[in-house]
Amino acid sequence: MENILEVNNLCKKYKGFELQNVNITLPKGMIMGFIGENGAGKTTTIKAILDLIRDYTGKIKLFGLDNREDNKKIKENIGAVLDDMFFPEILTPNDINNIMKDIYKNWDSKLYFKYLTDFSLPNNKAIKTLSKGMRKKLEIATAISHHPQLLILDEPTSGLDPVARNEVIDLFQSFIQNEECSIFLSSHITTDLEHIADYITFINNGNIILSKTREELLEDYGIVKCSKEEFEKIDEKDFIQYKKSKYEYEILIENRKVFNKKYDIDTIDKITLEELMVLMIKGEK
Amino acid sequence: MLGFIKKDLLMIKSNIKILAILLLIYIVMAFQGQMDLSFLLPFMSVMIMMSTFSYDTFNKWDAYAITLPNGRKNSVRGKYIATIILIIVTTIIITALSFTIFYAKTKIIDFENIIGTILGSLFATILLQSFMYPAMYKFGPEKARIGIFVVVFGVAIIGGFVTKYVDLSPMIKMLDSIGTYWMIVFPVTMILMLYISYKVSQRIYFKKEI
């Protein structure tokens, strides 16, 4: 399968924070959810992919091209939604159309205005008069109206109500339907990713600690809830992390079927991404 | 690249009502002899472009622009070309107004005096903007604005001391000799200043981490 995005050994050092050998591979036609707590390195990674930060080591390839050497070609095929970074707020959606048609070769005004109508966005009101949710929808409409092959989205659904979130998720799903397009998105709203992501990549403290398909994570991984006595009988090799709560132990395991065969513990549940995040970050080994 | 120029021009257009009101007030003041219109050129161009920088920073446009095709290069270029367009338009308006007001008051047209004054204020405008833009890109509008004021006041104070205690007659003689070629020297210097400023800004923006 052809890869649309490849990040190899990306390292970037800041005072008090470091991205360490970040590796990401996103195949064509797939959606990758990028998760991690605040300050884990999600936005820094996205900024490096988009060439917003320069002084890093490692290789980043998009559509098989180097992100620094073939910048223009790459940017023509990318749509980006970044947290709070957009057009100056005195401009209107109409102004954005006027500007973008002279920036992108493939800018599709018809499609852009169709999205504005679908999202019930006004054409002539300044961005500053729009609500946070409307503004986000405008950012998304702007990002996809030049028929990009890759969407890079940093928290695209934050600030949206459940109905709007649903609309946006439907839009993302229809975006990848032709199997030529891909989406790389970071989000705190892990339930959204459980619905749409094909791959989940988890970053913690500047390190990628997990990158799997959604099926592997949500079908194979599990959470065992047991007593202290039961926990003490479990071999350390058979779990990833555990968290001790007031009445029970919560244990993250890699394969529910294998675990079930080996141990006589009844409560082995499927895991949600939220539980996975909490156990990976707050858990112990 | 045209899109980046349009972006700044559309931002200026968004504030057109306020600018028209300001212009009207200045015209009335100029008619009453309370203000020289030549002052309007640097004031309006610098103020308008400074506000575009402030909006850009507030909405993190600089970061967004880099996600667009050729964003690093064209964002800076667009800003400078929009500035040149703005300067040309304001110069035409102010020149026309200056001639009209002068003629209405004196019933004569003093071509050399008016053009000389306009060219002087144009030079001041471009000088200020040539220093201002790299500072804006490097430090952001807040710090750059303070820096520019400090530099302008510093130059004024140092200039005051120099003219008081140093004999400037040789330099004045030299300027007088250049003065005969001012129609060539001034425009060439202005273009050179803007070009150097553009190159410095582009270098800053090219290396910028956001």
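Two strands pair where DSSP finds at least two bridges between them; strands (E, at least two residues) and helices (H or I, at least four residues) are DSSP runs, numbered from the N terminus. The model is predicted, so that local features need pLDDT of at least 70 and side-chain atom pairs count only at pLDDT 80 or more, while totals for chains, interfaces and linings use all residues. Residues are numbered from 1 along each chain as its sequence is written, chains are lettered from A and ligands numbered from 1 in the order in which they are written, and side-chain values use heavy atoms, with hydrogens and water left out.

In chain A, strand β11 (residues 222-226) pairs with two other strands. With β13 (residues 249-253) the pairing is antiparallel and runs over 5 bridges; here A:Gly222 stands opposite A:Ile253. Strand β14 (residues 268-270) is also antiparallel to β11(A), joined to it by 3 bridges, and A:Val224 faces A:Ile268 across this pairing. Because 4 of its 5 residues are buried, β11(A) is largely enclosed by the rest of the structure; buried means under 20% relative accessible area, exposed over 50%, and partly exposed in between (1.4 Å probe, protein chains only).

Elsewhere in chain A, A:Ser158 belongs to the loop between β7 (150-154) and α6 (162-175). Its relative accessibility is 19%, and therefore A:Ser158 counts as buried. Beyond its neighbours within four places in sequence, A:Ser158 is in contact (heavy atoms within 4.5 Å) with A:Lys136 and A:Ile189.

In chain B, B:Phe53 lies in helix α3 (residues 40-58) and counts as buried because its relative accessibility is 4%. Residues up to four places away in sequence aside, B:Phe53 touches B:Lys79, B:Tyr133, B:Met136, B:Tyr137 and B:Pro141.

B:Lys6 and A:Asp102 form a salt bridge at 2.5 Å, N to O.

Methods
A salt bridge is a side-chain nitrogen of Lys or Arg within 4 Å of a carboxyl oxygen of Asp or Glu.
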